[in-house]
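This briefing sets out selected features of a predicted model. The sequence and structure are shown first, followed by points grouped by topic.

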Amino acid sequence: MDARRRLVVDGLAAGLLGYAVVVVFFVVLNLMVGRSPFHTAALFGEAIFTGLRDPAALTLAPGPILAFNGVHMAAYLVFGFFGAWLVHETELHPQLWYLALFLFIAVTLFGYAAVLAMNALVGSLVAAWSVVAASLLSAVAMAVYLTVSHRSLLERVDEAQETRPGPVE
């Protein structure tokens, strides 16, 4: 598979995996507390697109649920493509692995901050701990997928570290 196709496949797979982890997390959480599996998506969708501030006024209308999920999936696809691009660049330049790791962590933290800001914006309708937990699980799932699908990358990074000149004495 050529590099561009691999980048697209990895970006799609990582993004969809991260998105799916969050969806499954909130479906399970909602079912455990006796709510509709669509409750969280409906809350965010209604809050963002119709201005809902009172959870008691929530309706499970398909429009806001689908709109929120569309935006949510698009955000995860962007994050997936970013992660895949970092892996691709690290394969080309293994000596820069630390820069790729730093960028991945920085973007992940920025994403958490954005999600928490959005949660505060919609009136903290969803517990912040659940948003952070779902986001963390999705980031780990994406990182594991990219690591497993590029097993030789870790070996190349180790080799690059071994061939790096040491400190001058």
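Against which helices do the buried residues of helix 1 pack? They pack against helix 2 (39-50), helix 3 (62-92) and helix 5 (128-149).

**Helix 1**
- Helix 1 covers residues 3-32, a run of 30 residues.
- From first C-alpha to last, helix 1 reaches 43 Å, which is close to the 44 Å expected at 1.5 Å a residue.
- The buried residues of helix 1 are Asp-10, Gly-11, Ala-14, Gly-15, Gly-18, Tyr-19, Val-22, Phe-25, Phe-26, Leu-29 and Asn-30.
- In general, residues three or four places apart point the same way, because an α-helix has 3.6 residues a turn.

**Aromatic pairs**
- The model contains 3 aromatic pairs.
- Phe-44 and Phe-68 form a stacked pair, because their ring centres are 5.3 Å apart and their planes lie at 20°, where stacking requires an angle under 30 degrees.
- Phe-44 belongs to helix 2 and Phe-68 to helix 3, so this pair ties together parts that are 24 residues apart in sequence.
- Phe-44 and Phe-68 are both buried.

**Val-144 in helix 5**
- Val-144 is located in helix 5.
- Val-144 counts as partly exposed because its relative accessibility is 46%, between the limits of 20% and 50%.
- Val-144 and Ala-14 are separated by 130 residues in sequence, while their C-alpha atoms are 9.2 Å apart in space.
- Ala-14 is one of the buried residues of helix 1.

Methods: Residues are numbered from 1 along each chain as its sequence is written. This is a predicted model: local features need pLDDT of at least 70, side-chain atom pairs count only at pLDDT 80 or more; totals for chains, interfaces and linings use all residues. Side-chain values use heavy atoms; hydrogens and water are left out. Helices (H or I, at least four residues) and strands (E, at least two) are DSSP runs, numbered from the N terminus. The expected span of a helix is 1.5 Å times one less than its number of residues. Buried means under 20% relative accessible area, exposed over 50%, partly exposed in between (1.4 Å probe, protein chains only). Contact means heavy atoms within 4.5 Å. Rings of Phe, Tyr and Trp (its six-membered ring) pair if their centres lie within 6.5 Å; planes under 30 degrees apart count as stacked, over 60 as edge-to-face and the rest as tilted.
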